[in-house]
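Let's take a walk through this fold together, strand by strand. Have the structure open and follow along as we go.

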Amino acid sequence: MTGVERAGRWCIALLLACGVGTAMAATDTNLQLHYNKPATSFNEALPLGNGRIGVMVYGGVAEARYSLSENSMFSGSRYDDADRKDAVKYLPRIRQLLLAGKNVEAEWLTNQHFTWNQPAHGEGAATHYGTFQGLGTLRLDFAANDAPVHGYRRSLDLRSATSEVSYEQGGVHYRRTLFVSAPDQVMVLQLHADRAGALDFLATLGRSERASVQAVGTDGLLMQGQLDSGGSGEGLKFAARVRVIAPGATVHADRAGVHVRNGTDVIVLVSAATDYDGFAGRHTADPLAASAADLRRVAGRSPDALHAAHVADFRYWFDRVALQLGAPNHARERMPTDARLAAYADGGDPDFAALYFQYARYLLISSSRPGGLPANLQGLWAEGTSTPWNGDYHTNVNIEMNYWPAESTGLGELAQPLFALTASLQQPGAKTAQRYYGARGWVVHTLTNIWGFTAPGAEASWGMWQGAPAWLSFHIWDHYRYSGDRAFLRRYYPVLRGAARFYADTLIEEPEHHWLVTAPSSSPENTVYMDDGRKAAIVMGPAMDEELIRFLFGAVIEASETLHVDAGFRRELAAKRARLAPIQVGADGRILEYLKAYREVEVHHRHMSHLWALFPGDQITPRHTPKLAAAAARSLDVRGDDSTGWSEAYKVNLWAHLGDGNRALRLLDVLFKPASRDARIGHEWAGTYPNLFNAGPPFQIDGNFGATSGIVEMLLQSEVGDIRLLPALPDAWRQGEVSGLHARGGFVVDMRWQAGKLVGATVHAIRGGPCVAHYGEREVHLATTAGQTYRLRPSDFTR
Ligand code: FUC
């Protein structure tokens, strides 16, 4: 029952159309990253991208370096034999062992017959599984110039998605402006010198392996190559092109590169393409033709026109949300961003969190566009020929976290690549479901890539986990909850149904309580001691799986009712849902991560999988399940704060959902610790690199997105038709304002607060319908009409 039904009263409050999302145009000064020196490593360079092509800007003086990437640059290939053919033969035995409490033996057998020997940690380049990798490097080497450099500045403007490098040398002002256009599918680099003819440089394009470069005409370069397929299939073919336009200058291209002499205003255009043709993995696109066509299409267009189209496109997304935390702190905004990051711990800069928040939105717009591939572990930015964990899609938290802030920050359409990836797993995942479980439906385990990999990963302890189909389905369902788009639900319903079909076919009854549980599975990457002191990761019915399946079955039941389909299946799901293991609290007051209270090997383990029900799920809430919420808080306390970047980011969301804003902010403070620019896994703690990329370490973009979602959840939480304003506002964010946050049920919310108290809010109803807005213990009931905006003052909220 919703609050509206319970209260049985309506108040058509304060109907007043007023602009949403127009507040605070004045916050622009907080929307820049800027530095007074060139980057010397990836984690100092500035990322730009159009959802497909990415670039990291180093911004040197003698040498301007641009690390290029393209998000389908995966080695490996589609491999139908990734599924072990006889796995299903061993399933009954593995389950028997689990039912008998012989987890170690079950794990051994799982390792023997279920897992697949793909490399997990980033050595996938020469295997079928493959790895995401960089495209190559564009370099401009300038003529020797010993004159000292003054006034160097390297910046990235988030609202226009444009970077600029400027300095003065020998009395000449130089400026280099760069953007990657989504509407025109090219990277545009403009160089300007304020003394005519002062630009002398050589432009080169290169890659450390598997590529050849040639001159094209008098002003261009073409790099082409093919990645390792890792086996019998065809490796990915790719091409990148450079074209230099330099009116009044001398330009000629040869094998060494494009030589530019006496340039004043020079444009360097870059296009790139691969033959990856969507998730089906067919190689039909022609990268040579595609990259040539992209350059041809912009020929004759002025850079100003290209820039205007780019900025209009980018702002279409970016301007939907504005955020100001605390009073503007112009002194901090003026500090170079790396210095500002270092000074954050001194306090007095709450608006840094707003910059971080908008940066993540910037990164999502730059790395995930409808029709393309989802943001991977590094978004779409990469260098070299391997990336940590193969830069793939990890399903046990990472890829989902990438999309946590999408819906709530007005970018729900940008999650389409995640939905498309999920839908694409139905076909390979159906085969995996058959071969391993003899089940209908579809399944994917801990990892997937652009080649449709769905088998259990290399080691049972982390690769053998069954929750992914449900968690990926959660994002589809959540998009429906935010958008109310029935056509979308109808289109993706088969994905949800197939995931539910898999679980309905595979759940088994455990002997003690007769609950229905997954087996074999694990609680992502965690390990426990068995009674005999041996360690095991493989279990049945980890809490997370049960929570996820409870969500999924509930969603499919509701969706099938909405769509008037599958009445019989609905009944089956309802019956099975009632028999799932409940969320349990152990003797020590913590949520049980497993069916029983095992002793943990690593008390501070980074994953908090069993708290999925608190966030992003909603089976635990302080309001509806206060005892479970208290147990979740206890679990979090014991787990501790310090961990990997994404784990700290996750905890921001969890504390926000426990209503503890100060604790959530403490986690953000931990996350905003400067990480040394080369922080690597196992060497240093998590934090933030100079370019504000999250340091897992290493760089993982999930931390950026997860923390940003956490900031939203501190300010606004929602269920369909139920909105909580400022549910976890920390004391240090005494004043602020936000516009354009999205709530489930199709509402857009603006808020302003002072001295820690709400001053006013507007709720804009996209679709209309009932909505209860809560502020603290008080609430206001709205019967909304599509397209109308409702202005709320604190006095409108009553008990
Ligand atoms: C999961 C995490 C690791 C890392 C990897 C990419 O396996 O447990 O910490 O984030 O994904």
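In this predicted model, seven strands make up an open sheet, in the order E2-E3-E4-E5-E10-E15-E14, and their pairing is antiparallel. At the edges you will find strand E2 (46–49) and strand E14 (250–254), each of which pairs on one side only. If you ignore direction, neighbouring strands of this sheet are turned by 20 degrees against each other on average.

E2 runs antiparallel to strand E3 (residues 53–57), and four bridges join the two. To find your place in this pair, look for Leu46, which stands opposite Val57 in E3.

E7 pairs with strand E6 (residues 149–157) in the antiparallel sense, over seven bridges. Here Val149 sits opposite Gln169 of E7. E6 and E7 form a hairpin with four residues between the strands, and in this hairpin Ala161 takes a positive phi near 50 degrees.

E7 also pairs with strand E8 (residues 172–180), again antiparallel and over seven bridges. A handy landmark is Glu168, which stands opposite His173 in E8. This second hairpin, formed by E7 and E8, has two residues between its strands. Its turn contains Gly170, whose phi is positive at about 55 degrees.

Technical notes. Residues are numbered from 1 along each chain as its sequence is written. This is a predicted model: local features need pLDDT of at least 70, side-chain atom pairs count only at pLDDT 80 or more; totals for chains, interfaces and linings use all residues. Side-chain values use heavy atoms; hydrogens and water are left out. Two strands pair if DSSP finds at least two bridges between them. Axes are lines fitted to C-alpha atoms, for helices over the stretch in contact, and angles run from 0 to 180 degrees between N-to-C directions.
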